[in-house]
Amino acid sequence: MNRNRVNNPVVLAVALSTWGVGFAVIEGKDMLVDWGMTATKGDKNALAAFEIEKLIAQYRPSVFVMEDAHAKDSGRSQRIRSLAKRLCAVAVRANVQTAIMPRQEIRKSFFPDGSATKDALAAAVADIFPEELGRLLPRKRQAWMNEHFNLAVFEAVAAALAFRRAGK
Amino acid sequence: MPSLQLPHHLRANRKRLALSQEDVAFLLGSDDGGQVSKYEHFARIPALETALAYEVITKRSLAELFGGMYQDAEQKVADRARILLERTGHLSGGRAARKRETLADLAGINDKIL
């Protein structure tokens, strides 16, 4: 199949979480093509890198987008920081341009003041793709609840959309 | 319409409807979810009968489902229509005029300037 035309490039965005890696593939400005979570058991980093490699081979994205896990205020664990580096290396090896976006920039794309909880961001993304993501939207997290693993999917979609909206 | 890179959006539409690959295989009249996986990974192109069944299942037109392939076909037809239009330039008569109008439309050329 002819897949050489790239004037409407495909963006692969990921969001790293304790549970695994949420991913989203967007074609053009805002066409959601694929979304989901990578493996959540075993050697998470190795499995995630393998899954992302497969997604890159399948969709041949022009850009790989990820939130900055190394920012001073990111508060990410050593495992997540190491995974971020590993996934960037996977993208670079596949000749895919990488774009690391600050969390604030992603949030600002949806909320002008840039301050929003993950739940609010997920709800904003679900409003854009109600048919695709509406049923995945978790209940609002209470103080005693763990973060829902689906939130990483919404964060990945948010990162992809923010990248597109920034006109990059 | 901006041109699309991916040939189709079968996977997105299946997931939108919360169907598994096995569900779609069954609806397509097969018991092999692997075939659906091959379609979704761009390894195989569905036959026309299968594509039409996809249209029924997803309630999306073929042009929407197979957006990238549709645009490819559209571009190729336009290129060929331009060639055919040049070849029919010397013809005259009502039928030839109608034909040029059809070809100009396919080629995306304003017939008035012909």
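Glu67(A) has Met101(A) of β5(A) as its bridge partner. The model described here is predicted.

Two helices of chain A are described next. Helix α1, residues 44-59 of chain A, packs on the sheet and touches β1 (10-16) and β2 of chain A. The direction of α1 makes about 170 degrees with that of β1(A).

Helix α2 of chain A, residues 78-93, also packs on the sheet, where it touches β1, β4 and β5 of chain A. Its direction makes about 165 degrees with that of β1(A).

## The sheet as a whole

Strands of a sheet pair through backbone hydrogen bonds, in either a parallel or an antiparallel manner. In chain A, five strands form an open sheet in the order β3-β2-β1-β4-β5, and the pairing is mixed. Strands β3 and β5 (97-101) of chain A stand at the edges; each has a single partner strand, so one side of each is left without a neighbour in the sheet. On average, neighbouring strands of this sheet are turned by 20 degrees against each other, direction ignored.

## The β2-β3 hairpin

Strand β2 of chain A, residues 21-27, runs antiparallel to β3(A), and six bridges join the two. Within this pairing, Phe23(A) has Gly36(A) in β3(A) as its bridge partner. Three residues lie between the strands of the hairpin, in which Gly28(A) takes a positive phi near 70 degrees.

Strand β3 of chain A, residues 31-37, is mostly covered, with five of its seven residues buried.

Key. Residues are numbered from 1 along each chain as its sequence is written. Chains are lettered from A and ligands numbered from 1 in the order in which they are written. This is a predicted model: local features need pLDDT of at least 70, side-chain atom pairs count only at pLDDT 80 or more; totals for chains, interfaces and linings use all residues. A residue is buried if 20 or more other C-beta atoms lie within 10 Å of its own, exposed if 12 or fewer, and partly exposed in between; C-beta atoms are placed from the backbone. Helices (H or I, at least four residues) and strands (E, at least two) are DSSP runs, numbered from the N terminus. Two strands pair if DSSP finds at least two bridges between them. Axes are lines fitted to C-alpha atoms, for helices over the stretch in contact, and angles run from 0 to 180 degrees between N-to-C directions. Two residues are in contact if their C-beta atoms, placed from the backbone, lie within 7 Å.
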